[in-house]
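Open the model in your viewer and keep the selection tool at hand. We will go stop by stop.

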Amino acid sequence: MISTPATDVSAVLVEGPWRHRLVAAHGARFHIAELGEGPLVLLLHDFPQFWWAWRSQLVALASAGYRTVAMDLRGYGASDKPPRGYDTPTSAADVAAVVRALGERDAVVVGLGMGGRTAWALPSLHPEQVRGVVVVGAGHPLLTGHVLRDRLGRATGFDTTRTAFWRQLPALPERSLLTGDGVERVLRERSGPAWPGPADVARYAEAIRVPFVAHSALEYHRWIARSAVRADGRRLAAALRAGVEVPVLQVRGELDPTVSRRTLHAAADYAHGPHRVEEVPGVGHYVPEEAPDHLAALLAGWLARW
């Protein structure tokens, strides 16, 4: 049994120019931070983060004329943490329902890492709620794991097999996040040399200690590893093979060990609408925080076209 001091959920309600609120959608409550008016842009964080990862882009995109919303995914931050639903189809349904609950017809969905996987799936599963997707630091879901190795002839360079196996174990991965420097190690092994700072590490280490977050966060990874032999995983793969028609922007940090440049370009096979790939020099996986101004300018320029 894991014994660690818990964090009150109020720790993730960081004050700023944004407004915090809970949105009821898809049978759960989702926490959002919201700023600005205009077309909706919905921001999805990665592991082991929460909405705060997008704080710089919240302000920048709101200033550029967009209603900008960063949400805590199911199981994270101040959103509900039910015992089930940590699979890609449910995550996509959550996001589509949040768009509707916000009173909007559709949104441009921007996702980092695990959030990027959900962003890729949305146009295939809920096309009416998506007018474009931006995927940061994530390959197409059909170009990961053994599929990626079969197609590209090699792994990405990041030891995804070992990491995926480790996260299947009971209790131990949770313990590693909740004690010692577990969160810091996750962040540093994926980032560039200038990030994270001590304050960033402290913020995410505190957020992972909100009750049930560590377990919920890892359940997303466990589902992905098992999805090839699950009926819902096979149904998702079948839906994704048709590709997407909406505009797609893919962004990669030059030093990101989790996804290769080659993988991003291979995703063009699944992007039947306008497709663009951008690389941000000198940074790793966590582009929204490692290069916040660069990414904000890139997003604003791309959004203005659609």
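Is Arg19 buried, exposed or partly exposed? Select Arg19 and look: Arg19 is partly exposed, with a relative accessible area of 48%. Keep in mind that this is a predicted model.

**Stop 1: Arg19 and its partner**

The side chains of Arg19 and Glu34 form a salt bridge, 3.3 Å from N to O. Arg19 belongs to strand β1 (residues 19–25) and Glu34 to strand β2 (residues 28–35), so this pair ties together parts 15 residues apart in sequence. Glu34 has a relative accessibility of 9% and counts as buried, because buried means under 20%.

Now widen the selection to Arg21, Arg67 and Glu104. Together with Arg19 and Glu34, these residues are linked in a network of salt bridges. Across the whole structure, a search finds 19 salt bridges.

**Stop 2: helix α1**

Select residues 55–63, which make up helix α1. Which residues of α1 are buried? They are Arg55, Gln57, Leu58, Leu61 and Ala62. Around the axis they cover an arc of only 165 degrees, so they sit on the same side of α1.

What covers these buried residues? Show β2, β3 (40–44) and β4 (67–71), which are among the covering elements. Then show α8 (198–207), α12 (287–290) and α13 (292–303), also included in that cover.

Step just past the end of α1 to Gly65. Gly65 takes a positive phi of about 105 degrees.

**Stop 3: a pair inside helix α7**

Select Glu184 and Arg188. They form a salt bridge, with the closest N and O atoms 2.8 Å apart. Both residues lie in helix α7 (residues 182–190). They are 4 residues apart, about one turn of the helix. How accessible is each side of the pair? Glu184 is partly exposed at 26% relative accessibility, and Arg188 is partly exposed at 38%.

**Stop 4: a pair between strands**

Finish with Glu279 and Arg252. Their salt bridge has its closest N and O atoms 2.5 Å apart. Glu279 lies in strand β8 (residues 275–280) and Arg252 in strand β7 (residues 248–253), so the pair ties together parts 27 residues apart in sequence. Glu279 is partly exposed, with a relative accessible area of 29%, whereas Arg252 is buried, at 9%.

Notes
Residues numbered from 1 in each chain as written. Predicted model: local features only at pLDDT ≥ 70, side-chain atom pairs only at ≥ 80, totals over all residues. Heavy atoms only, no water. Salt bridge = Lys/Arg side-chain N within 4 Å of Asp/Glu carboxyl O. Helix = DSSP H or I, 4+ residues; strand = E, 2+ residues; numbered from the N terminus. Buried < 20%, exposed > 50% of the residue type's maximum accessible area, 1.4 Å probe, protein only. Arc of directions from axis to C-beta. Contact = heavy atoms within 4.5 Å.
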